[in-house]
Amino acid sequence: MPIYWHRRDLRGPDNRGLARARSFDGPIVPIFVLDPTILEHAAPVRVACLLEALADLRQWYRKRDSDLLVVRGEASAVLPELAAEHGVETVVWVDDYSGLARGRDRAVTAALEDEGVDCETVHDALHHEPGSITPSTGGNHYSVFSYFWKKWRDREKRAPVDPPTDGELAAVHGEALPSLAELGFDEPEPTPPTVTRARARDRLESFCADDIYRYAEKRDYPAAEATSRLSVHLKWGTVGVREVYTATERARECADTDTARESVTAFQRQLAFREFYVHVLAFNPETVTENFDEYENEIPWRNDRDELAAWKAGETGYPIVDAGMRQLRREGWIHNRVRMLVAAFLTKDLLIDWREGYAHFRRLLADHDTANDVGGWQWASSTGTDAQPYFRVFNPVKQGREYDPDAEYIREYVPELADATAAEIHGWHDLEPEDRTAIAPSYPAPIVDHGRRRERAIEAFERARGESE
Ligand SMILES: Cc1cc2nc3c(=O)[nH]c(=O)nc-3n(C[C@H](O)[C@H](O)[C@H](O)COP(=O)(O)OP(=O)(O)OC[C@H]3O[C@@H](n4cnc5c(N)ncnc54)[C@H](O)[C@@H]3O)c2cc1C
């Protein structure tokens, strides 16, 4: 009989690992391991999501006269014990590609093989696994997304796979799930999103019925709420990548204009972006802490503690930046355009090391995914693959005007500005101090002058690149 070890694939349907476990003799014993060495890197908001997704998956198994056994301990110690207890010959799981996960998986494989238990792993989290889309000129991954995208787009995609049937699951009974406090975590600051299979399917279906057709036009406007909000489900695997892709293809078939079809493609392109960054990280695990792009000299980060604190608190006096930082603290999620803006503001206007921003995002994002978080940060700080050129510094005022023209998004997250007009909000940096006090007495004046800070950032990057004295 096999053990199926769930990790970031917290669902029954469209799970290639679980489907693989069906091919072994005997009923499947489903397991999740709460491993302290992995939990050490987690944050309260994500552990809260994890516990909800586990409770939900457990219900799925219970409806099928089985259960998800949730055990605590180091995976390399508890899995061999469980294999012995259940007389299991094979443990099956799906690949995870970060350096941390791969280190853990090597230790688990060695421990199981020492006990004579076979290990079987399957690709599941991506359509095209690392190493399968490579430049014809050589190398194990692309560093430029547009080339990657063309190949990703043209490759055939796998179809969703069926879950095991009731008789294929072992009649086991698990103990109660631990609480957040029992795992040693405080209550999360952001309100955790609902991470269940039903929510994931609901998001996917409603998005593909409607918003997907205006995605290309609206995805950059945070107040439009026109993105899928699937990131947290892709992170925890409450939805499978094949079912997402199939739903988008169905939406394409139902589309009645070229614009609508192009919008579906624009969305699929973002799904490919997620995979691109996983490929990059898989072959460059050191980029979790090191710049991908090596400059001749060190980037002279300034790391001013007060400015960092103002950025984290959403008190920079740049309304769109502050709205984003407060959305993060409230919801554990930020709109993509605003993620780019707040990351650019930190690394360029404040010249603060991207690793500080990454650590803060990692503490608060419910959808934190190492590859995509590192990829996003290195892109914004001009140190990554295919990164934003160092001399193209986002202007937070222009970006606010362009992408939140009526300041709806800003007012939602910065209540001090609730009664200000859009012109006052977008002209905040230009107002006289007494006007600012009259409009929103508790909202700060800009902590820096964007124009000057832009020049300082460009000079600093030129020095790092060895292009100026
Ligand atoms: C500094 C920074 C940090 C980021 N950190 C993360 C992170 O930790 N986890 C994460 O999933 N995404 C991250 N992103 C990418 C992106 O912001 C989120 O995936 C997106 O906002 C999630 O919202 P959504 O599901 O509504 O996206 P949609 O626009 O609906 O996109 C659908 C899916 O495509 C993928 N996707 C979309 N945009 C990107 C992108 N720019 N890069 C990679 N994948 C993308 C995501 O899986 C997303 O769920 C980061 C971006 C930046 C600039």
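1. Overall make-up. The protein chain has 21 helices and five strands. Its radius of gyration is 24 Å, close to the 23 Å that the globule rule gives for 469 residues, so the chain is as compact as a globular protein of that length. The radius is taken over C-alpha atoms, and the globule rule is 2.2 Å times the number of residues to the power 0.38. Helices (H or I, at least four residues) and strands (E, at least two) are DSSP runs, numbered from the N terminus.

2. Basis of the note. This is a predicted model, in which local features need pLDDT of at least 70 and side-chain atom pairs count only at pLDDT 80 or more, while totals for chains, interfaces and linings use all residues. Residues are numbered from 1 along each chain as its sequence is written, and side-chain values use heavy atoms, with hydrogens and water left out.

3. Extent and packing. The C-alpha trace of the protein chain spans about 75 × 50 × 45 Å along its principal axes. Of the 469 residues, 53% are buried; buried means under 20% relative accessible area, exposed over 50%, and partly exposed in between (1.4 Å probe, protein chains only). Among contacts between residues at least 6 apart in sequence, 78% join residues at least 24 apart. Contact here means heavy atoms within 4.5 Å.

4. Surface and charge. The protein chain exposes about 20,200 Å², and carbon and sulfur atoms supply 45% of that area. Accessible areas come from the Shrake-Rupley method with a 1.4 Å probe; for residues, only the protein chains shown count as cover. There are 59 positive and 84 negative side chains, and the centres of the two sets lie 3 Å apart. Lys and Arg count as positive and Asp and Glu as negative, with His and the chain ends not counted. The place of a charge is taken as NZ of Lys, CZ of Arg, CG of Asp or CD of Glu.

5. H368. This residue is found in the loop between α15 (354-364) and α16 (370-380). H368 is buried, with a relative accessible area of 6%. A polar contact of 2.8 Å joins its side chain to that of D373. A polar contact is a pair of N or O atoms within 3.5 Å; within protein, one must be able to donate a hydrogen and the other to accept it, and residues adjacent in sequence count only if both atoms are side-chain atoms. Leaving aside neighbours within four places in sequence, H368 is in contact with R46, K235, Y358, R362 and D373.

6. D369. The loop between α15 and α16 also holds D369, which is buried at a relative accessible area of 13%. The side chains of D369 and N372 are joined by a polar contact of 2.9 Å. With neighbours within four places in sequence left aside, D369 is in contact with R8 and V374. D369 and K235 are 134 residues apart along the chain, and their C-alpha atoms are separated by 6.4 Å.

7. R339. Helix α14 (residues 336-349) contains R339, which counts as buried at 18% relative accessibility. A polar atom of the R339 side chain lies 2.7 Å from the backbone oxygen of I334. Apart from neighbours within four places in sequence, R339 is in contact with W333, I334, F361, L365 and D367.

8. Positive phi values. Two residues other than glycine deserve a check of the backbone. Phi of E225 is near 45 degrees, a positive value, and phi of S382 is near 60 degrees, also positive. E225 is found in the loop between α8 (215-218) and α9 (231-236), and S382 in the loop between α16 and α17 (396-403). E225 is exposed, with a relative accessible area of 59%, whereas S382 is buried at 3%.

9. E129. The loop between β5 (118-122) and α6 (145-154) is where E129 is found. E129 is buried, with a relative accessible area of 16%. Not counting residues up to four places away in sequence, E129 touches Y97, H123, R158 and H279. From E129 to A438 the distance is 56 Å, C-alpha to C-alpha, and the two are 309 residues apart in sequence.

10. A216. Helix α8 holds A216, which is partly exposed, with a relative accessible area of 44%. A216 touches S263 and A266, residues up to four places away in sequence not being counted.
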